[in-house]
Amino acid sequence: MKKGMELVMIKLEVCYACELFEPVAKQISEDRNVVFKTIKRNEMIAGINPTTYPHFLLYNEGQMVEQWGGIIEGKLESTINKYL
């Protein structure tokens, strides 16, 4: 795995888009050697208030560098690629 890069997917308990997109996000992360994990909305970090799910947080060396919501594969790929 890429040292220091982590993609966190925040999802709702019952969210079809989240369930559908999770394997895609996981595969994209694995292909780029980025750590991938999911958390449920009730476990998320204080101060993060997504309006769209799934919601993604991208960390580089422990610093959050990007956050966005939605299931656009190209957005996920280009955002990760920007920090590789």
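Modeller: Buried means under 20% relative accessible area, exposed means over 50%, and partly exposed is in between, with a 1.4 Å probe and protein chains only. The model is predicted: local features need pLDDT of at least 70 and side-chain atom pairs count only at pLDDT 80 or more, while totals for chains, interfaces and linings use all residues. Residues are numbered from 1 along each chain as its sequence is written, and side-chain values use heavy atoms, with hydrogens and water left out.

Next come the rings. A pair of aromatic rings is described by the distance of the centres and the angle of the planes. Rings of Phe, Tyr and Trp (its six-membered ring) pair if their centres lie within 6.5 Å; planes under 30 degrees apart count as stacked, over 60 as edge-to-face and the rest as tilted. Searching the whole structure gives 2 aromatic pairs. Phe21 and Phe56 are edge-to-face, because their ring centres are 6.0 Å apart and the planes stand at 75 degrees. This pair links distant parts of the chain, with Phe21 in helix α1 (residues 16-31) and Phe56 in strand β3 (residues 55-60), 35 residues apart. Helices (H or I, at least four residues) and strands (E, at least two) are DSSP runs, numbered from the N terminus. Phe21 counts as buried because its relative accessibility is 6%. Phe56 also pairs with Trp68: the ring centres are 5.5 Å apart and the planes at 25 degrees, so this pair is stacked. It too links distant parts of the chain, as Phe56 is in β3 and Trp68 in strand β4 (residues 63-69), 12 residues apart. With a relative accessible area of 7%, Trp68 is buried. Phe21, Phe56 and Trp68 form one aromatic cluster.

Two strands pair if DSSP finds at least two bridges between them. Strand β1 (residues 5-11) runs antiparallel to β3, and 6 bridges join them. Here Leu7 stands opposite Leu58 in β3.

In soluble globular proteins, nonpolar side chains tend to be buried together. A nonpolar core is a set of buried Ala, Val, Leu, Ile, Met, Phe, Trp, Tyr and Cys residues joined through side-chain atoms within 4.5 Å. The largest one has 23 residues, of which Leu7, Ile10, Phe56, Leu76 and Ile80 touch the most other members. At least two residues of this core come from each of β1, α1, β2, β3 and α2. Strand β1 gives the most, with 5 residues. Not counting residues up to four places away in sequence, Leu7 touches residues including Phe56, Leu58, Trp68, Leu76 and Ile80.

Charged side chains make links of another kind. The structure holds 5 salt bridges, a salt bridge being a side-chain nitrogen of Lys or Arg within 4 Å of a carboxyl oxygen of Asp or Glu. One of them joins Lys82 and Glu66, at 2.7 Å from N to O. Lys82 lies in helix α2 and Glu66 in strand β4, so the pair ties together parts that are 16 residues apart in sequence. Lys82 is exposed, with a relative accessible area of 54%, whereas Glu66 counts as buried at 17% relative accessibility.

Methods
Contact means heavy atoms within 4.5 Å.
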